[in-house]
Amino acid sequence: MVTKNQIKLVVSLKQKKYRSQHRLFVVEGEKVVNELLRAGVRPFKIYVDDAEKVEKFGEAEIVSNKDLKQISSLTHPNGVLGVFYMIDGEGDLDADWVVVLDSVRDPGNLGTIIRLCDWFGVKHLVCSKDTVDCYNPKVLQATMGSIARVNIAYVDLEEYLGRINLPVYGAYMDGESVYSSDLAEKGVLVMGNEANGISKEVSRFITERISIPQFGASTTESLNVATATAILLSEIRRG
């Protein structure tokens with residue numbers, strides 16, 4: 001039986017400060033929990049609502065529907081909830097292509113971009129310190145387990161971009177069409193804030209401004225940042 005202290009701990013992990021304090025995060029759903037386990041992410045506790053699911057997850061603990069609703073972030077819990085230790089980042093942040101996010105605030109956008117990095121084989125995602133937390137429950141649901149395969153770092157972007165020796169491509173509305181740009185074999189792709197784009201501070205480090213040309217009605221203001229990232233990464237990998 002899950003204890004009151006366990007419930008209190010899992011509920012507290014809905015807040016960033018407690019996730020950082022305990023170095024733990026929560027994911028929900030059988031598929032995502034399995035993805036993290038297969039990727040070697042270390043589990044702290046796994047809770048299930050059915051005795052038949054215990055064998056699937058080793059030393060899982062059975063919880064009542066009432067307790068599961070209390071610890072879940074979902075309106076309708078799906079029967080499996082995993083608490084995992086945070087993933088330690090590793091690797092060379094100057095290797096191959098790197099995606100950089102400047103103040104991306106929407107959890108769904110970040111989660112989708114993490115999945116895109118995984119899909120296109122981009123191992124490193126560098127985020128400004130005010131980008132939404134990658135362990136936010138809504139981000140984790142959107143990643144579908146890809147967070148285990150992408151190294152995510154939160155850094156001072158000006159310091160990072162000031163020291164790298166790679167071409168830095170920034171996504172702008174008025175940049176050169178990505179379809180006619182001569183893209184390097186490796187580099188940095190900077191994506192900006194949903195409302196304001198790339199900040200002035202970060203713009204100083206952009207060596208090439210690129211854009212996605214618009215073919216439809218001019219009434220459409222801009223593309224969603226995750227959609228734009230998908231198009232640009234596809235073109236980068238095509239080259």
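The model is predicted, with local features requiring pLDDT of at least 70 and side-chain atom pairs counted only at pLDDT 80 or more, while totals for chains, interfaces and linings use all residues. Residues are numbered from 1 along each chain as its sequence is written, and side-chain values use heavy atoms, leaving out hydrogens and water.

A search of the whole structure gives 4 aromatic pairs; rings of Phe, Tyr and Trp (its six-membered ring) pair if their centres lie within 6.5 Å, and planes under 30 degrees apart count as stacked, over 60 as edge-to-face and the rest as tilted. Phe25 and Phe84 form a stacked pair, because their ring centres are 6.0 Å apart and their planes lie at 25 degrees. This pair links distant parts of the chain, joining strand E1 (residues 24-28) to strand E4 (residues 80-85) across 59 residues; strands (at least two residues) and helices (H or I, at least four) are DSSP runs numbered from the N terminus. Phe25 and Phe84 are both buried, meaning under 20% relative accessible area, with over 50% exposed and partly exposed in between (1.4 Å probe, protein chains only).

Phe25 also meets Tyr135: the ring centres are 4.6 Å apart with planes at 35 degrees, so this pair is tilted. Tyr135 lies in the loop between strand E6 (124-128) and helix H6 (137-143), 110 residues from Phe25, and is buried too.

The charged end of Arg42 is placed over the ring of Tyr85, 3.8 Å from its centre, and that of Arg209 over the ring of Tyr172, at 3.7 Å.

Definitions and conventions: A charge sits over a ring if NZ of Lys or CZ of Arg is within 6 Å of the ring centre and within 35 degrees of the ring normal.
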